[in-house]
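Here are my notes on the model you sent over. Have the structure open while you go through them.

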Amino acid sequence: MLNNNSQIEKAVNSRSGPRVSRKPRGRLLPFLYLLPSALLLLVFMIVPIGYTFYLSFFNWNLIAPTKQFVGLANYVNVFTDPTNQKVILNTLVYIVLLVILNFIIPYFISLIVNFFIGKMKGPYKILFFIPSLFSLVVGAMLFSWILNPVSGPLALFLRDFGMKVPQWTNSGAMAIVVICLITNWKVFGYNFILLLTGLGAVPRNILDAATLDGIPKWRVIWNIVLPLNKGVAIYVFILTIVQGLQYVFTPINVITQGGPYYGSSNLLYHTYLNAFVLYKTGNASALATVTFVIFLILLFIEIKFVEGRKQDAD
Amino acid sequence: MTISHGLKRVIGLLSIVGVALLFAGCSKSAATKTTHITYWHVNAETQGGASVNKLVKEFNKTHKHIKVTAKYNPNMYQGLMQNLQSAQASGKVPDIVQVGWAFTNYFSDNFKYMTPTDAAQKFDKSKSAITNNFSTQSLSFAKNAKGKLVGLPYSLSTPILFTNDSMLAKYGIKKSSLSTWEGVQAAAKTIKQKSGNYGVYIQEPADTWAQQAMMLSNGAQIKNSAGKAAFASAQGVKAYQLYQDMVLKDKTAIHTPWAQGMDDFTNGKVAMAFTTVAQASHIKQSVSFKASSQIAPTFKGNKLTVPVGGSMLALTSQDSAKQKAAWTFEKWLYKNDSLLTWDKGTGYLPPTKTALDSAQFKKYLAANPMIKPATQELTNAVPWTSFPKNGLDAEQDMIDARDKILTGSNVAQTLKAAQEKINAQQ
């Protein structure tokens with residue numbers, strides 16, 4: 001028999017495993033467990049980010065023994081150089097297009113598949129997911145061949161109907177659209193499955209209750225499903241932008257090399273061009289730091305609006 | 001106790017790593033007799049990689065005390081330069097590397113290397129034993145802005161005009177009329193009018209090699225004797241103007257990335273392609289029409305001048321024994337048999353006099369007539385322009401100028417702006 005509270009506490013503690021947190025040596029254990037990932041994070045993330053920030057104040061070609069300190073000149077250059085301005089503008093265009101192609105459209109289709117289509121959900125998932133398994137280099141080469149305006153299969157097919165494929169590699173805007181379509185081919189299935197899984201997690205009883213009350217489907221989606229699925233949606237939204245801008249790098253590199261005249265370049269490709277083609281490490285580091293800050297702001301928004309609200313709700 | 005259990009595991013793991021290190025040390029000390037060297041190249045399996053492996057295998061078989069390991073670097077010479085930078089930063093450099101002509105000055109300014117002259121002096125006790133086999137002209141390709149020989153020319157290429165003879169014959173165009181750019185322009189117009197197809201594609205990779213060939217063959221200079229950019233001359237402008245007119249006014253030349261442009265030619269949608277001789281075997285394998293090649297066109301009344309493409313071999317070893325081994329390997333690569341294996345596998349032209357004149361190479365040319373015009377051009381070849389300072393920036397400025405001109409910018413103004421930008425950095 002347990003007579004009083006202290007006895008109960010003792011008994012509970014003895015059953016709940018070793019009391020590591022109370023002993024000084026035991027307190028180290030969680031840190032020891034964290035050490036490998038913390039070390040990896042330090043070596044591969046924090047140190048390089050710090051070093052990039054440091055390099056952004058210098059002119060350096062990556063191997064010369066001396067680095068020339070230039071203060072904020074590289075940052076001034078990021079915002080005043082017409083080429084950089086063009087590239088920043090392109091980056092915004094990429095973001096808008098990527099959000100439409102890789103977030104809004106997959107979301108729309110996942111809603112249709114989840115709420116309006118009864119059968120064939122499995123095959124849809126598989127079909128949409130297949131391209132995610134291929135490398136983007138393969139995708140880029142495939143699209144470059146299919147969409148070749150002069151001798152590609154699409155051009156030959158359209159010729160029979162008296163139509164032409166425009167010379168999309170000669171126009172920055174069209175090249176951006178095609179490059180976004182290539183990443184769309186790759187990312188669509190993955191985003192679709194994430195969003196569909198989110199929709200599947202919406203409690204069935206709420207939906208059933210709404211159906212019983214005779215509420216139209218679009219209202220159920222708008223007022224119940226979308227707010228409940230907000231966490232997943234914003235996660236995919238941020239992923240679309242951050243990962244999408246990195247994904248477009250491959251087709252840019254394979255097909256246009258940022259051309260015509262930086263028309264299809266974006267911040268990430270331009271950073272690469274400066275760093276590893278022209279070896280202007282300072283410029284590249286300043287560009288990378290600006291990109292990093294932009295991503296940081298996006299992450300802040302995600303934390304504030306998604307994870308913050310969740311905590312409030314808890 | 002959990003901690004002591006964890007500690008035991010850590011100690012166990014450390015001892016395994018220790019034993020592994022010990023064995024690694026043993027293997028190193030046991031192998032002191034053989035010198036291991038690494039050779040960095042840019043040849044993917046489809047671009048002569050097989051012949052690199054064949055050569056290395058053969059060398060290793062015949063040389064017991066040297067073991068060469070070949071390492072493929074993706075993304076051509078630029079990719080190799082990037083990897084070399086990381087290697088230099090980590091202190092573990094390869095022993096022999098291929099350096100693209102456009103990188104000559106960048107390489108010699110930033111990396112430690114042994115010149116072929118020093119290597120010959122040190123290991124053969126003769127300054128000219130190896131260089132004697134090269135013409136003064138081909139050695140000039142491998143010199144930096146200060147006139148110092150950085151490496152030995154290894155792969156040579158020149159731009160030539162490939163033609164779709166079936167299409168030319170169909171529309172009554174004589175191949176002899178294609179020896180001038182004016183003739184090419186007229187032929188392209190005829191093709192466009194009669195068939196709706198494009199007349200010509202001029203290669204547009206991430207360099208302006210082919211465009212430089214056009215300007216040079218109109219008597220323009222890319223760089224003057226003082227090392228300053230000089231391409232915005234009347235001759236340079238005229239050459240680019242004809243190119244712009246063909247693309248924008250006549251709409252007889254396609255402006256498109258390299259891979260697409262070559263597809264258009266091999267699919268029979270363009271009558272002519274002005275590109276490197278290294279495309280010969282790809283064209284031979286891909287076309288279903290009669291294709292041939294001829295010497296690069298010039299502008300009327302001007303002498304043919306083409307920039308040479310390809311690469312040199314440079315010694316980057318820092319250790320004397322390895323330098324000696326790398327030099328032995330390099331000399332072996334320049335033997336006629338080795339060079340022919342290499343050239344057959346890649347489509348490049350041999351850099352030495354003896355290999356060019358050898359019966360084997362002549363036999364190879366007879367079997368591959370598309371390569372012949374390129375060898376004839378070698379006497380008219382000049383080094384690929386490599387600006388002494390900020391050369392990589394300069395190349396990018398020239399690419400930017402090409403992009404602008406082909407989308408409609410004023411030729412004279414654009415070239416002048418690019419020239420001034422380059423010269424401001426010299």
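**Notes on the model**

1. Let's begin with the two domains of chain B: their centres, taken over C-alpha atoms, are separated by 29 Å. The assignment gives domain 1 as 33-157 + 309-372 and domain 2 as 159-307 + 389-424, with bounds that come from an automatic or database domain assignment. Between them, 13 residues of domain 1 are in contact with 15 residues of domain 2; a contact here is two residues whose C-beta atoms, placed from the backbone, lie within 7 Å.

2. A word on ground rules. This is a predicted model, where local features need pLDDT of at least 70, side-chain atom pairs count only at pLDDT 80 or more, and totals for chains, interfaces and linings use all residues. Residues are numbered from 1 along each chain as its sequence is written, while chains are lettered from A and ligands numbered from 1 in the order in which they are written.

3. Now chain B as a whole. The count is 19 helices and twelve strands, where helices (H or I, at least four residues) and strands (E, at least two) are DSSP runs, numbered from the N terminus. Its C-alpha atoms fill a box of roughly 85 × 55 × 45 Å along the principal axes. Of the 426 residues in chain B, 47% are buried; a residue is buried if 20 or more other C-beta atoms lie within 10 Å of its own, exposed if 12 or fewer, and partly exposed in between, with C-beta atoms placed from the backbone. Taking contacts in chain B with a separation of 6 or more, 74% are between residues 24 or more positions apart.

4. Have a look at the open sheet of five strands in chain B, which runs β2-β1-β3-β11-β4 with mixed pairing. Two strands pair if DSSP finds at least two bridges between them. The edges are β2 (66-72) and β4 (152-157) of chain B, each with a single partner strand, so one side of each has no neighbour in the sheet. From one strand to the next, the twist averages 20°; axes are lines fitted to C-alpha atoms, for helices over the stretch in contact, and angles run from 0 to 180 degrees between N-to-C directions.

5. Going through the pairs: β1 (residues 35-41) and β2 of chain B are parallel over seven bridges, with B:Thr35 opposite B:Ile66. Helix α2 (residues 49-62) of chain B lies across β1 and β2, at about 170° to β2(B). Strand β3 (residues 96-100) of chain B is antiparallel to β11(B) over five bridges, and B:Ile96 has B:Leu315 as its bridge partner. The pairing of β4(B) with β11(B) is also antiparallel, over five bridges, and there B:Ser155 stands opposite B:Ser311.

6. How many residues of β11 (residues 309-315) of chain B are buried? Seven of its seven. On one side sit B:Gly309, B:Ser311, B:Leu313 and B:Leu315, on the other B:Gly310, B:Met312 and B:Ala314, and both faces are covered.

7. B:Ala314 turns up again in the largest nonpolar core, which has 119 residues; B:Val200, B:Tyr201 and B:Phe329 are also among those with the most contacts inside it. Such a core is a set of buried Ala, Val, Leu, Ile, Met, Phe, Trp, Tyr and Cys residues joined through C-beta atoms within 7 Å. Both domains of chain B give residues to this core, so it lies between them. Not counting residues up to four places away in sequence, B:Ala314 touches B:Val97, B:Val99, B:Phe107, B:Tyr113, B:Val150 and B:Gly151.

8. Is B:Thr158 buried or exposed? It counts as buried, because it has 26 C-beta neighbours inside 10 Å. You'll find B:Thr158 in the loop between β4 and β5 (159-164) of chain B. Beyond its neighbours within four places in sequence, its contacts include B:Val277, B:Val306, B:Gly309 and B:Leu378. The C-alpha atoms of B:Thr158 and B:Asn368 are 16 Å apart, with 210 residues separating the two along the chain.

9. Finally, chain A, which has 14 helices and two strands. Buried residues account for 31% of its 314 residues. UniProt, in an unreviewed entry, lists residues 88-302 of chain A as "domain: ABC transmembrane type-1"; positions are given in the numbering used here, feature names are shortened, and annotations may be inferred rather than shown by experiment. Over residues 88-302, chain A is 76% helix and 0% strand, and the end C-alpha atoms are 22 Å apart.
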